[in-house]
Amino acid sequence: MNETIYVFHALPEMEEPVLAGVFQYGSPGGPGKFRYVRSYLERSNALPLSPVDLSSLNSVTVQAGDRNEGLFGVFRDVLPDFWGRLVYASNNGIPPETVTNIMLMRRPDPLRVGAIDFSDTDRVPETMALPEIQDMSRLVTAAQEIFDGQEGRLRPDERQLLLQGSSMGGARPKANVLRNGKLYLAKFPSKGDRFDNARVEMALSDLAHSVGIETPKTELVSLPDGRGVFLSERFDRVPVSEKPGRFYRKGFISALTLLGLDEMENPFGSYPAIADAARKIGIDCGPDLFRRMAFNMVVRNTDDHLRNHGFIREGTEWRLSPAYDLMPSPAVPGVGTLFDLSIGIGKLGRKATFENALSESARFGLNKKEAEEIFLAVGENVAKWRTFMSKHGISDVDMERFSGSFTLSVAGFP
Ligand SMILES: Nc1ncnc2c1ncn2[C@@H]1O[C@H](COP(=O)(O)OP(=O)(O)O)[C@@H](O)[C@H]1O
Ligand SMILES: [Mg+2]
């Protein structure tokens, strides 16, 4: 069957998105085809949906490749992963494994990451002002109920809150919340957690900020039972002044899309390849990217996959997004001292060693000495990780789980 999805784009300084084009998808499997509509091309402020795919503003029909189930990368980036699909399945009373990309594209979601929205009609999706969050605790419980498959107990208002913004990627339970006029991505605790993820993510985000990495503004909310909720202010939204709960949108693509890869091809991606590809489209982020790579190495963040790196469009310019989803993998000293990151680092592939990190410094626009200096400065700061964890109330027991995670920062250099 041929499906038609209307694609909307929120342009700079515009509260409502406009119809940008039409996506046609032959189910199942695609690949899809996209065409910008004439009314969009005639706008003086029209911008391409992405600097990589669909980057030419003309009326030619473009066919997607076979990757990402025949979707353009920029579309796949603004669809949910495990968590959002679970919420959709629960809301529609269907098994999660039967949720398809096209089902997720028929329903508009003004809170999805970036500036694109989809609908099965050509009417501009309505953007309701988001209400302020009243009861975080209840929302966390509701999310847990979805996780546990007890969705029957959700109240309609809770269901609505969880549904709005369920297009955000990632596996952890989350929601978009408005708090004191700001829009946050709230990451919830989950029953199976082995430590207080929210507090650890707070500490890591602070630690990253302390070494000169741009991070979103973050906050921690403590639930009555003591567990934390991690709030990360949406870096792809700008509040509209005098209109509480309303936002302008910034564009978003992941590094996966920048490299034109499929999710299964993640290990073929690398930090130097991201720097090269970014430079090709006029984004000079080599040194920043090198710093993030060094940081992920010394904190043992092995979940640094290509969708955990992003680029945003502010106004008409694309740039590296603030860093998100920074988590150390637990490790105790002496066990598996050698580890790989999730994408390539240097000439020795994904191996997290100092030598490997420096091996491609030129591709980051750095000479060996500059790269070494950045790496050592990051390592020196990160060696103070316990101070950052204590500040956020992480228990001694939890802290010990990470006592082997920061070994590179403390002793890893020749
Ligand atoms: N502060 C933020 N502002 C805007 N988008 C964000 C922010 N933090 C994360 N994202 C987007 O939301 C997705 C899910 O967040 P992430 O922290 O990666 O969750 P998970 O731990 O479930 O993978 C990311 O892949 C990114 O696209
Ligand atoms: Mg993630």
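**View 1. Surroundings of Ala294 in the nonpolar core.** Beyond the neighbours within four places in sequence, Ala294 is in contact with Ala357, Ile374, Phe375 and Val378; contact requires C-beta atoms, placed from the backbone, within 7 Å. Ala294, together with Leu289 and Val298, touches the most other members of the largest nonpolar core, which has 108 residues. Such a core is a set of buried Ala, Val, Leu, Ile, Met, Phe, Trp, Tyr and Cys residues joined through C-beta atoms within 7 Å. A residue is termed buried if 20 or more other C-beta atoms lie within 10 Å of its own, exposed if 12 or fewer do, and partly exposed in between, with C-beta atoms placed from the backbone. The model is predicted: local features need pLDDT of at least 70 and side-chain atom pairs count only at pLDDT 80 or more, whereas totals for chains, interfaces and linings use all residues. Residues are numbered from 1 along each chain as its sequence is written, while chains are lettered from A and ligands numbered from 1 in the order in which they are written.

View 2. The domain assignment, which is automatic or from a database, gives domain 1 (2-119), domain 2 (136-233) and domain 3 (254-411). The centres of domain 1 and domain 2, taken over C-alpha atoms, are separated by 25 Å. To their contact, domain 1 contributes 16 residues and domain 2 contributes 17 residues. On the side of domain 1 that touches domain 2, 10 residues are nonpolar, three polar and three charged. Here Ala, Val, Leu, Ile, Met, Phe, Trp, Tyr, Cys and Pro count as nonpolar, Asp, Glu, Lys and Arg as charged, and the others, Gly among them, as polar.

**View 3. Helix H3 and its packing partners.** Helices (H or I, at least four residues) and strands (E, at least two) are DSSP runs, numbered from the N terminus. In helix H3 (residues 82-92), the buried residues are Trp83, Gly84, Arg85, Leu86, Val87 and Ser90. These buried residues pack against helix H5 (136-147), helix H6 (156-163) and strand S6 (174-179).

**View 4. Strand S9 between its partners.** Five of the six residues of strand S9 (residues 228-233) are buried, and the strand is mostly covered. Strands pair if DSSP finds at least two bridges between them. S9 pairs with strand S7 (residues 182-187) in the antiparallel sense over four bridges, and Lys187 stands opposite Phe230. Strand S8 (residues 218-222) runs antiparallel to S9 and is joined to it by five bridges, with Glu219 opposite Leu231. The hairpin of S8 and S9 has five residues between the strands, and Gly226 in the turn takes a positive phi of about 95°.

View 5. Strand S13 (residues 310-314) is largely enclosed by the rest of the structure, because four of its five residues are buried. Four bridges link S13 to the antiparallel strand S12 (residues 251-254), where Phe252 is the bridge partner of Ile312. Four bridges also join S13 to strand S14 (residues 317-320), again antiparallel, and Ile312 has Arg319 as its bridge partner in S14. Two residues lie between the strands of the S13 and S14 hairpin, where Gly315 has a positive phi near 65°.

**View 6. Shell around ligand 1.** Ligand 1 is surrounded by 18 residues, the closest being Gly170, Arg172, Ser232, Tyr324 and Asp325; a residue counts as near if its C-beta atom, placed from the backbone, lies within 6 Å. The shell comprises seven nonpolar, five polar and six charged residues. Domain 2 and domain 3 each supply at least three residues to this shell.

Conventions
Two residues are in contact if their C-beta atoms, placed from the backbone, lie within 7 Å.
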